[in-house]
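Thank you all for coming to this short talk. Please have a look at the sequence and the structure as they come up, and then I will walk you through them part by part.

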Amino acid sequence: MMEIDTRYMKRAIELARHAGLANTSPNPMVGAVIVRDGMIIGEGYHRRCGEGHAEVNAIASVSDPELLKDSTIYVTLEPCSHYGKTPPCSQLIIDKGIPRVVVGSLDPYEKVSGRGVKMLRDAGIEVTTGVLEDECRAVNPVFMTAHSLRRPWVTLKWAQSADGYIDRLRDPSQPPAQLSTPLTATLMHRQRTMHDAIMAGSSTVISDNPSLTPRLWPGRNPKRVIMSRHNSIPADCRLLTDGLPVTVSRSGSVAEELERLYAEGTTSVLVEGGAKLLQSFIDAGLWDMMRVETSPLTLGEGVKAPKVDKIPSQSLTIDNNRIDYFVRDGLLGVKNL
């Protein structure tokens, strides 16, 4: 039975990856497969936040509902047990009379976290858990990290010169140093769409006047958060005049800000600068991945890049710029980022 369960859970994992993180966040990516007499009779995955969950879509795909009463449903993540934007999937499975459920990973979210499995078992349904658990957890490193640690997943991002500077010395008459290429900038905008929020410090707002939107890549606009403990933000800056929402936070620490964001339902944050803000996350150990782009250009002097005392987990070269990815020790797979 274990070999059979593994086979169909692998298919459920494939389905889970279909939607993509940018579509489902802050929900996880989940896949479901329904099997009867050794044949797949239904499949589904969570396509978009607010729409039907994987179990709902898989059940809806079954041509004859009577077949469900003699079937097994394989789900990469524990079926939900609470009412959110959609009804609980555990109750749907019960109502449809599915006698067996195989779960890849339990859900760390406190409103589910074992309750879905308990609801199913209390209804007399056979439940097997932990099938390909590590692989199922690795589908959703952001979701798993956020709800296990009760803070958003944190990605730190910056571009630096070959001699270790992220910008020239502050001079209003000089534009910011262009260290990214048009292609790497576009890819960075793609990464923005994969996060619930983008954060920057007030110094970055004053010097660069950014918009912090993924205008180079189609997708959602993450919420924008500005950390401003000491500096005033110009009233005519893009962030305050483009009509899009922005939060200016004056909390005492990055840890407190992450706590606030998590309480609001934010599961991922992309921190884009400046150097002091990025270093504060590094020093506090509050990060999960870093994306560091190094240009072959040299500046000679300027604003020093943050210090990273780690070996890159992955490196690649795009347009002669090297991009290094650093991953926090013990973190789950990051294939979706």
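Predicted model: local features only at pLDDT ≥ 70, side-chain atom pairs only at ≥ 80, totals over all residues.

E126 sits in strand β5, which covers residues 126–129. If we set aside the neighbours within four places in sequence, E126 is in contact with P99, R100 and V101.

Now let us step back to the whole chain. It contains 12 helices and 15 strands, and its C-alpha trace spans about 75 × 35 × 30 Å along the principal axes. Of the 337 residues in the chain, 51% are buried. If we take the contacts between residues at least 6 apart in sequence, 74% of them join residues that are at least 24 apart.

The chain is divided into two domains, with domain 1 running over 1–139 and domain 2 over 146–327. Domain 1 gives 8 residues to the contact, and domain 2 gives 10 residues. The C-alpha centres of the two domains lie 36 Å apart.

How much area is buried between domain 1 and domain 2? The figure is about 700 Å², and carbon and sulfur atoms give 49% of it. In polar contact across this boundary there are 2 residue pairs, counting those with both residues at pLDDT 80 or more. On the side of domain 1 that touches domain 2, the residues divide into 5 nonpolar, 1 polar and 2 charged.

The side chains of E110 and R150 meet with a distance of 3.4 Å from N to O. E110 is partly exposed because its relative accessibility is 45%, and R150, with a relative accessible area of 43%, is partly exposed as well.

Which residue does R151 meet in a salt bridge? The partner of R151 is D288, with 2.8 Å from N to O. This pair links distant parts of the chain, as R151 is in the loop between α7 and β6 and D288 is in the loop between α12 (275–284) and β12 (289–294), 137 residues apart. Both R151 and D288 are buried, and for D288 the relative accessibility is 0%, which is why D288 counts as buried.

D288 also forms a salt bridge with R328, where the closest N and O atoms are 2.8 Å apart. R328 lies in the segment after β15 (321–327) and D288 in the loop between α12 and β12, so here the pair ties together parts that are 40 residues apart in sequence. R328 has a relative accessible area of 23% and is therefore partly exposed. Elsewhere, K223, E257, R260 and E264 are linked in a network of salt bridges.

I will finish with T213, which is found in the loop between α9 (202–208) and β9 (223–227). Is T213 buried or exposed? Its relative accessibility is 10%, and therefore T213 counts as buried. Apart from neighbours within four places in sequence, T213 is in contact with H189, R192, N221, R224 and L244.

Methods
Residues numbered from 1 in each chain as written. Heavy atoms only, no water. Domains from an automatic or database assignment. Contact = heavy atoms within 4.5 Å. Buried area = accessible area lost by both parts, 1.4 Å probe. Salt bridge = Lys/Arg side-chain N within 4 Å of Asp/Glu carboxyl O. Polar contact = N/O pair within 3.5 Å; in protein donor to acceptor, adjacent residues only side chain to side chain. Nonpolar A, V, L, I, M, F, W, Y, C, P; charged D, E, K, R; others polar. Helix = DSSP H or I, 4+ residues; strand = E, 2+ residues; numbered from the N terminus. Buried < 20%, exposed > 50% of the residue type's maximum accessible area, 1.4 Å probe, protein only.
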